[in-house]
Amino acid sequence: MAWALKLPLTDEVIESGLAQDFDASLSGIGQELGAGAYSMSDVLALPIFKQEESNLPPETENKILPFQYVLCAPTSPAIKLHDETLTYLNQGQSYEIRMLDNRKIGELPEITGKMVKSIIRVVFHDRRLQYTEHQQLEGWRWNRPGDRILDLDIPMSVGIVDPRANPTQLNTVEFLWDPSKRTSVFIQVHCISTEFTMRKHGGEKGVPFRIQIDTFKENENEEYTEHLHSASCQVKVFKPKGADRKQKTDREKMEKRAPQEKEKYQPSYETTILTECSPWPEVTYVSNSPSPGFNSTHNSFPVAEGNGSPNHQPEPAVQVADNLLPTATPQDAQQWLHRNRFSPFCRLFTNFSGADLLKLTREDVIQICGPADGIRLFNALKGRVVRPRLTIYVCQESQQAREHQPKHENGDAAASTFFVYHAIYLEELTATELTEKLAQLFNISPRQINQIFKQGPTGIHVLVSDEMIQNFQDEVCFVLDTMKDDTSDGYHIILK
């Protein structure tokens with residue numbers, strides 16, 4: 001180098017050696033980028049993986065990966081050469097991801113002829129949103145009740161087995177597939193990038209997401225926990241047809257650039273290849289908690305035991321009413337609106353305290369929020385509860401047996417007897433619902449209740465059907481008796 005000739009001899013020799021080492025260290029960069037637009041090792045250093053360092057060993061950079069995932073959507077032409085690709089998607093549209101087996105002959109023989117498990121998730125690209133991911137997703141859930149961020153289009157998918165979508169993880173789906181067979185999974189993303197922008201005054205840029213796929217094989221316990229491969233790509237999601245318009249706009253902008261400027265940008269590819277990345281931090285994908293009314297630790301039916309007091313037969317968990325109090329501050333009122341799915345109206349009620357909201361009449365709320373949401377908000381403010389279609393009260397036979405205890409000297413046997421009844425609220429008015437409610441009340445499995453009978457005239461046992469329940473009088477009282485089923489481990493319940 002010319003500037004090195006001006007240095008003294010000793011320094012010149014040192015600088016010459018340093019320059020050679022520096023040139024040699026740069027010699028491989030062009031070769032790595034030349035291998036293809038998608039083999040960019042700097043993707044691993046992005047903060048989107050929630051890890052400062054990649055878990056991938058250095059020798060894997062030039063290794064042929066066992067799998068390859070191809071998203072069938074074009075990349076943007078407005079991305080510079082050394083940047084990661086960006087793909088635009090339409091909200092709710094089905095996009096194919098091809099799951100390709102890229103193994104060499106003899107590689108990973110333990111999965112030959114076996115299934116592997118892949119988990120697809122949509123996550124945030126920006127670190128700022130990653131730190132508040134849980135709050136962001138919970139806010140989206142309140143604004144879009146019943147919707148999912150990521151869905152599988154099962155009818156269009158090919159080669160997937162046992163697809164699952166956990167209701168508590170709106171941004172995750174999973175399935176099994178055989179690498180030796182053709183596999184294509186179609187996904188739908190239902191959130192749009194602008195839903196998570198900080199300010200919404202119009203014209204904001206949407207936040208980028210990442211689509212990440214983690215693949216696992218079975219361990220010795222036949223659980224899919226051993227990590228095989230992970231890859232991801234960057235996407236932005238627009239309202240329907242918005243991705244097509246954005247792609248067209250980017251293409252037109254690039255056509256107007258000078259040829260020298262175009263050389264600094266990547267061409268648009270017809271498909272998007274997901275690049276290798278670190279596996280997603282391990283979380284519990286399937287809830288181990290039993291469903292409401294089911295407790296697998298109970299193997300017996302304890303209805304006929306005990307004295308029926310609340311200490312022995314606990315009431316089922318009842319959701320505490322979230323009523324807005326007059327003493328609520330404006331901040332408390334804002335949180336109440338969020339919890340009750342009134343987030344779109346938070347700005348309108350920014351300075352309203354609990355007392356201010358409770359003073360609003362039905363006509364005021366409807367005028368501010370519209371008929372549908374106005375009626376819903378008014379009912380929520382007044383704490384109105386929907387009355388159940390049928391209420392019945394039940395008590396255990398063991399309590400009633402106290403009536404037969406010996407009388408005291410004063411002849412009063414029942415003076416100290418205290419019977420505890422439990423209320424059961426029915427909405428569907430079916431025998432199945434009654435079975436589940438009784439099982440939930442006594443904290444057992446519904447499968448332990450074989451049949452429910454009602455004691456009829458002359459002591460006969462009449463099978464309880466949907467029609468019979470529909471003809472029960474409201475707030476009728478029953479005494480519960482149990483009878484062991486000789487053919488199984490279950491029980492029959494008799495309503496007296």
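These are my notebook entries on one predicted model, taken topic by topic.

**Entry 1: overall make-up**

I began with the chain as a whole. I counted 13 helices and 18 strands in the chain. The chain has 496 residues, and buried residues make up 40% of them. I then looked up the accessible surface, which comes to about 29100 Å². Carbon and sulfur atoms account for 52% of that surface. Next I took the contacts between residues at least 6 apart in sequence. Of these, 71% join residues at least 24 apart.

**Entry 2: confidence**

How far can I trust the model? I looked up the mean pLDDT of the chain, and it is 76. I also noted that 73% of the residues reach 70 or more.

Which element has the lowest mean pLDDT, and which the highest? Helix 2, residues 29-34, has the lowest, at 42. Strand 8, residues 183-189, has the highest, at 95.

Over residues 24-61 the pLDDT is below 50. This stretch still has 58 contacts in the model beyond near neighbours in sequence. Where pLDDT is low, the predicted coordinates should not be read in detail. I left the details of both stretches alone.

**Entry 3: nonpolar cores**

I turned to the inside. The largest nonpolar core has 41 residues. Which of its members touch the most other members? I wrote down Leu71, Leu89, Ile97, Ile120, Val185, Phe209 and Ile211. Strand 10, residues 224-238, gives the largest share of this core, with five residues.

**Entry 4: cysteines**

How many disulfides does the structure hold? I found zero. I checked Cys277 in particular. The nearest cysteine sulfur to that of Cys277 belongs to Cys233 and is 9.9 Å away. A disulfide needs the two sulfur atoms within 2.5 Å, so Cys277 is in no disulfide.

Is Cys277 buried or exposed? Cys277 has a relative accessible area of 1%, so I put it down as buried. Cys72 reads otherwise: at 22% relative accessibility, it counts as partly exposed.

**Entry 5: salt bridges**

I counted 16 salt bridges in the structure. I went through some of them.

- Arg164 and Asp162 meet through their side chains, at 3.2 Å from N to O. Arg164 is partly exposed, at 44% relative accessibility. Asp162 is partly exposed too, at 37%.
- Lys264 forms a salt bridge with Glu261, and their closest N and O atoms are 3.4 Å apart. Lys264 has a relative accessible area of 46%, so it is partly exposed. Glu261 is at 30% and also counts as partly exposed.
- Asp481 and Lys496 meet in a salt bridge at 3.3 Å, N to O. This pair links distant parts of the chain, 15 residues apart. Asp481 lies in strand 17, residues 476-484, and Lys496 in the segment after strand 18, residues 491-495. I put Lys496 down as partly exposed, at 36% relative accessibility.

I also noted a network of salt bridges: it links Glu110, Lys217 and Glu226.

**Entry 6: positive phi**

Last, I looked at backbone angles. Glu222 has a phi near 60°, a positive value in a residue other than glycine. Where is Glu222 placed? I found Glu222 in the loop between strand 9, residues 209-218, and strand 10. Its relative accessible area is 61%, so Glu222 is exposed.

Glu475 also has a positive phi, of about 60°, although it is not a glycine. I placed Glu475 in the loop between helix 13, residues 466-470, and strand 17. Glu475 counts as partly exposed, at 43% relative accessibility.

How values were computed
Residues are numbered from 1 along each chain as its sequence is written. This is a predicted model: local features need pLDDT of at least 70, side-chain atom pairs count only at pLDDT 80 or more; totals for chains, interfaces and linings use all residues. Side-chain values use heavy atoms; hydrogens and water are left out. Buried means under 20% relative accessible area, exposed over 50%, partly exposed in between (1.4 Å probe, protein chains only). A salt bridge is a side-chain nitrogen of Lys or Arg within 4 Å of a carboxyl oxygen of Asp or Glu. Helices (H or I, at least four residues) and strands (E, at least two) are DSSP runs, numbered from the N terminus. Contact means heavy atoms within 4.5 Å. Accessible areas come from the Shrake-Rupley method with a 1.4 Å probe; for residues, only the protein chains shown count as cover. pLDDT is the predictor's confidence in each residue, from 0 to 100. A nonpolar core is a set of buried Ala, Val, Leu, Ile, Met, Phe, Trp, Tyr and Cys residues joined through side-chain atoms within 4.5 Å.
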